[in-house]
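Visitor: I'd like to walk through this one with you. Can we take it piece by piece?

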Amino acid sequence: MVIFHNHWDDLLKDEFKKEYYLKLREFLVVEYKTSTIYPSMYDLFKALKLTDYEDVKVVILGQDPYHGPGQAHGLCFSVPQGITIPPSLKNIYKEIENDCHINMNDSGDLTCWAKEGVLLLNTVLTVRANQANSHKGKGWEVFTDKVIELLNVREKPMVFILWGNNAKAKMDKITNPNHLVLTAPHPSPLSAYAGFFGCQHFSKANDFLKANKITPIHWQN
């Protein structure tokens with residue numbers, strides 16, 4: 001049984017009994033026993049444990065976890081303290097510096113954002129070592145759809161930041177006019193220059209929060 005120790009416990013308890021999730025769990029048991037899987041099974045739900053439903057101000061949707069050793073720890077785009085900052089996160093930091101005129105630190109750990117109300121959620125929560133998208137279509141998308149649907153119905157405004165096609169595929173789940181949806185290409189070096197750089201999502205998110213009398217995010221890590 002998954003325990004979050006916050007409002008997600010009640011909101012998601014029925015999800016863990018559904019057939020798709022039971023099949024996903026069976027698949028993951030075998031995968032963790034027979035392959036190298038990221039993140040650690042103890043970090044699978046870190047994003048939901050660190051950012052309670054009622055506290056979400058901004059949702060950043062990623063694709064699937066980093067698939068290199070020591071990188072993934074349950075928060076999209078984030079890596080633990082001491083791990084080299086991956087290219088996508090470097091580009092995110094570059095955009096924050098240009099957009100918000102602040103200097104980012106040399107840590108890739110975004111736990112501080114999660115504690116401020118930024119839900120750092122991947123659309124798929126596990127991956128095989130060195131095989132991007134290897135757990136796509138196994139059931140995680142159904143689970144993360146449910147998370148987005150639950151956030152969508154919340155009355156208190158929030159910002160959804162969707163980078164790349166995997167994240168944009170969730171757009172049809174976000175129908176509540178109380179919320180702001182921001183989209184851009186993925187911050188990967190392959191697509192960052194196609195519209196991610198200059199998107200100003202960080203200042204736009206804070207402007208929206210302030211307009212709704214919600215404390216803005218301190219984007220400096």
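Visitor: What span should the 13 residues of α6 have, and how far apart are its end C-alpha atoms?
Guide: At 1.5 Å a residue, α6 should span 18 Å, and its end C-alpha atoms are 18 Å apart, which agrees. The expected span is 1.5 Å times one less than the number of residues. Helices (H or I, at least four residues) and strands (E, at least two) are DSSP runs, numbered from the N terminus.

Visitor: Before we go on, what are the ground rules?
Guide: This is a predicted model, where local features need pLDDT of at least 70 and side-chain atom pairs count only at pLDDT 80 or more, while totals for chains, interfaces and linings use all residues. Residues are numbered from 1 along each chain as its sequence is written, and side-chain values use heavy atoms, with hydrogens and water left out.

Visitor: Back to α6. Which of its residues are buried?
Guide: W140, F143, T144, D145, V147, I148, L150, L151 and N152. Buried means under 20% relative accessible area, exposed over 50%, and partly exposed in between (1.4 Å probe, protein chains only).

Visitor: What covers them?
Guide: The cover includes α1 (8-12), α2 (19-34), α3 (46-50), β2 (58-62), β3 and β5 (159-163). Contact here means heavy atoms within 4.5 Å.

Visitor: And the core? Which residues touch the most other members?
Guide: F45, I60, W113 and F143, in a largest nonpolar core of 72 residues. Helix α6 gives the most to this core, with six residues. Such a core is a set of buried Ala, Val, Leu, Ile, Met, Phe, Trp, Tyr and Cys residues joined through side-chain atoms within 4.5 Å.

Visitor: What is W113 in contact with?
Guide: Beyond its neighbours within four places in sequence, its contacts include I60, M104, V118, F202 and W219. W113 is also in a cluster linked by ring pairs, with F77, W163, Y193, F196, F197, F202 and W219.

Visitor: How many aromatic pairs are there?
Guide: The structure holds 20. One is F16 with Y21, edge-to-face, at 4.9 Å centre to centre and 80° between the planes. Rings of Phe, Tyr and Trp (its six-membered ring) pair if their centres lie within 6.5 Å; planes under 30 degrees apart count as stacked, over 60 as edge-to-face and the rest as tilted.

Visitor: Are F16 and Y21 buried or exposed?
Guide: F16 is buried at 9% relative accessible area. Y21 is buried too, at 7%.

Visitor: What about W140 and F143? What kind of pair do they form?
Guide: Edge-to-face, with 5.9 Å between centres and 75° between planes. Both lie in α6 (residues 140-152), three residues apart, about one turn of the helix. An α-helix has 3.6 residues a turn, so residues three or four places apart point the same way.

Visitor: Which polar contacts does the T126 side chain make?
Guide: One is with the side chain of H135, at 2.7 Å. Another is with the side chain of W140, at 2.8 Å. A polar contact is a pair of N or O atoms within 3.5 Å; within protein, one must be able to donate a hydrogen and the other to accept it, and residues adjacent in sequence count only if both atoms are side-chain atoms.

Visitor: Where is T126?
Guide: In the loop between β3 (118-122) and β4 (127-128). T126 is buried, with a relative accessible area of 0%. Not counting residues up to four places away in sequence, T126 touches residues including Y38, P39 and D64.

Visitor: P39, then. What is the peptide bond from Y38 to P39?
Guide: It is cis, with omega near -5°. P39 sits in the loop between β1 (37-38) and α3.

Visitor: Which residues other than glycine have a positive phi?
Guide: Among them are N133, near 65°, and K213, near 60°. N133 lies in the loop between β4 and α6 and is partly exposed at 28%. K213 lies in the segment after α8 (201-211) and counts as exposed at 79%.
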